[in-house]
Amino acid sequence: MTAEVYHRYHIPTAPAPDAANHPSRFVVRVDRLKLASLLLRELVHYRADLGVVLSRPCLYGVFSGPVGGFAPRSKMCVGCLRCTVQYPDMVRVLPNPARRRLGDRYFTPDAVDTVLYEASTGRVPVRGAGYRGPFAGDGWDGLWTDMSEIVRPTRDGIHGREFISTAVDLGWRPDFLQWDESGRVVGDVPRLVRLPIPYLFDVMPSSLESVELYDVLAAAAARLDGLAFVPMAYAVGATALGGHHVAPVVRRHEIDRAAGSGLNPRVAALDGWEPQAYRRLTALWPDALIAVRHGFDLDPVEAVNHGVPILHLVADYHGRAGGRFVAEALRQAHDRLVRDGSRERVTVIASGGLTSAEHAPKAILCGADAVALDLPLAVALQAEFEGECRAREQAALRLGRFDHAWGVQRVVNLIGSWRDQVLEVLGAMGLREIRRLRGEVGRLMLAAELEQEAFAGIEGFGGMP
Amino acid sequence: MTPAPHRLAVAKHRAALRAGFAAWPEREAPPAALGDYRWTHDLILSTWVQAAEARPPADGLEYRVGRSGGGFDRLAFRDLGPSAALAPETPIDTSLALNRRGDGPTIDIPIPWYGAGMSYGSVSEQVMLARARAAQRWNTFTSTGEGGYPESLVAYRDHVITQIATGMFGVREETIQYARLVEFKYAQGAKPGLGGHLLGDKATVAVARMRESVPWVSLFSPFPFHSVYSVEDHRKHVDWIRTVNPRALVSVKVSTPTDIDMVAVGSFYAGAHILHVDGAYGGTGAAPEIAKKNIAMPIEFAIPKVHRYLTSEGIRDQLVVMASGGIRSAYDIAKAIALGADGCILGTVELVALGCTRCSNCERGRGCPFGLTTTDPELSLLIEPEWGAERLHRLYTSFRDQLCEILRRLGLRSVRELRGRTDLLVYRGDGSGPGGDR
């Protein structure tokens, strides 16, 4: 008798505080002369009642150091502004100019902050007082997800009793199954690799690549039961840590090297599309699902017609894909496959421009089956941007020395947080599994369309282009 | 055990804060870190001015719109010229009838707005009292939210909406019987599809007692009502209220999904008097960041959708539509009505009037450093109910005066004439579009 083990997918998050110094959000400046004057006045007024005189306006410890407000601890400031509201002439709270070097125009400092919080704690960011940002915007900010007033699964169950599946299948399935007279399946059968999470790890920016970094990603993928794409040059070492959670990414001229590598992956990727190279790689690893990693200019139907089971479509780090935003490019690729009748025969993985937890469900709504993360993983490890980071080969980032175990936990925490957040979205929509989200554009709200519907007829409204 | 508040220290801070609320709008530059896209520093400071002086600021602070780049911030009222305007002192009717079904009591409020649900626990009892006193003074309403019904509110019960939310905190026969208006909260704009959140640090002993829960343990309310999976189930909810309290009107609070128009019709046929549509950009309580802007649509888009569909179904004049979720100014109220709402529900703007800087730390530790969204015994003393009620009274006065002024400029004698008049709006594009009165 086989012993059955109960297993429920769970991501083991644990605190992993920032290792490198991260600039605080605010800088607190105090006019020391005015503070001294205030203290003297209060000493007299309150007859030296130190409980009153030393009572400070800050709840967060900014003025609770050894010399109080004479050396404010900006690191602890949360920007509530109570001190400056109370003492306009004495205290100033300023946005920290050092934060400008965090991220770039696309991966904004606030997004960096959020990823660092998620990587440090593994928790879902929760704050009060509603939304603070622009009404809508370009890219992902022009899309909203739907919700349902009366739904199952219930909110109190999504992190507990009730189960929402975030599992995705990578691979190929035939349009239909065939059986012989005795009931045995004949002909093509699905060839699938199931992952419990829709987040894969993409290859890293060239400026960051190292054995140590891919070791972390491979080990994190193993811990999550996920999959890390790793360039062939690093795959052998990373496989030692990640086992079958590593998918080597092979360039055409590396196929011979791959042949001598001893690797036996369950998933691998050909970097670029070239039918002959694809056939060679397929022949080399006949048991593996061979993906094609390519920009969005690839005709997906052509690749599917060559039997490619997984398309990994990649935009740049700002989400641009040949003049389109990745969301639009994904919708077009998905639509092309649907119209061709071949959508179920291929898995689409999207990369590029995914910097926040909400981007993943939006990408899946636009037609991806799963996403492969790039820069957020680097940011989780506190990589610093040096200028605009758009293209993988040119993006300049810097990563300090880090401890392997710390790095693995940071990545695990990030994915734990993002998974919990996608559960919130699925719960609000009333969906029990993320596979049902794919291409479900009826549950996607486009800001431009909604504005057209709401404001058409109002003088001056030009409508959609 | 929580130490007793140091009342002299509290008084010191209270005085300094009030001086600061008065001083900042007068200064040349706002606090450097104040404000965001929706609530600019000008909007926050001008709300403080209105709460102090009962009139909008006259020194150039922008008190009408933010700079979110969309929705209300892109809309303005048409300039119809002096010939269309009514004389400056022409009386304007801003009243709103809350029951148009003709099946129960009549409730008219003199202004087309009332206060949003903010629970005991999410805000202090002092704040609830301030809001209740202001509501009583204006003969309008405030709402319990879903945290129970503090005993001190009973004296104001004719002006307090009892909210029944999925957590059912503090919902008892007597709290339903107190109310002239009972609200079912199916969903909320701040976190559509999720239930209320009260994090552990704010679940004090007093809050837990009120909610019959365990102190210092986070409370995540369910979503949705486990007893409601259809319009028929919803109808049973309404019948339940009518059985317990036949004199109460029933409001249904929902968020803004794609099918909000169908939800509106369903709510009507379930027997609701008021449909409270809560858009995605409001909210005062703790919410996962991912839920704030990514789930459901802003109120500006939901109002016309609901208005038009109810009109096409021939039931628009029987259902009162109240809009909330990002109503910041008198101009937002007027624009929401022009888009098709009957009135609005105010939450965040009331807290800003009481001193909120929108720092978003409501859920953290002891709660709000300004004594608003907290039940910390010392911090909550920063708000004195009478002071708060006076601030809200003056804010309401300013809002009503501005609403009357807008209506006079448009040549309308009643706010009811404004409903659905999108022909009186202009779209400002990126801000350089056609002119008009914001």
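**Chain B and its contacts with chain A**

In this predicted model, 88 residues of chain B are in contact with 65 residues of chain A. Let me take the chain B side of that contact. Which elements of chain B give two or more residues to it? There are five on the list: helix 1, strand 12 (287-288), helix 8 (289-294), helix 9 (299-312) and strand 15 (425-427). Helix 1 of chain B gives the most, with nine residues. By class, the side of chain B that touches chain A has 46 nonpolar, 27 polar and 15 charged residues.

Now look at strand 12 of chain B. Strand 3 of chain A, residues 126-127, is joined to strand 12 of chain B by two bridges. The two strands run antiparallel. Within that pairing, find A:R127. Opposite A:R127 stands B:A287, in strand 12 of chain B.

Next, chain B on its own. The domain assignment gives domain 1, residues 7-74, and domain 2, residues 96-398. How far apart are the C-alpha centres of the two domains of chain B? They lie 24 Å apart. Domain 1 of chain B puts 25 residues into the contact, and domain 2 of chain B puts in 23. On the domain 1 side, helix 1 (7-23) and helix 2 (41-53) of chain B each supply at least two residues. Here helix 2 of chain B gives the most, with seven residues. Note helix 1 of chain B.

On to the core. The largest nonpolar core has 286 residues. Which of them touch the most other members? A:L217, A:V230 and A:V371 do. The element that gives the most to this core is helix 13 of chain A, residues 404-429, with 11 residues. Take A:V371 as a place to look. Leaving out residues up to four places away in sequence, A:V371 touches A:P198, A:Y199, A:I349, A:A350, A:S351, A:L354, A:A360 and A:A363.

Last, confidence. The model scores ipTM 0.92 and pTM 0.93. Chain B has a mean pLDDT of 91, with 97% of its residues at 70 or more. One stretch needs a flag. Over residues 431-436 of chain B, the pLDDT is below 50. Beyond near neighbours in sequence, that stretch has 13 contacts in the model. Where pLDDT is low, predicted coordinates should not be read in detail.

Key: Residues numbered from 1 in each chain as written. Chains lettered and ligands numbered in written order. Predicted model: local features only at pLDDT ≥ 70, side-chain atom pairs only at ≥ 80, totals over all residues. pLDDT = per-residue confidence, 0-100. Contact = placed C-beta atoms within 7 Å. Domains from an automatic or database assignment. Helix = DSSP H or I, 4+ residues; strand = E, 2+ residues; numbered from the N terminus. Nonpolar A, V, L, I, M, F, W, Y, C, P; charged D, E, K, R; others polar. Pairing = 2+ DSSP bridges. Core = buried A, V, L, I, M, F, W, Y, C linked by C-beta atoms within 7 Å. Buried ≥ 20, exposed ≤ 12 C-beta atoms within 10 Å, placed from the backbone.
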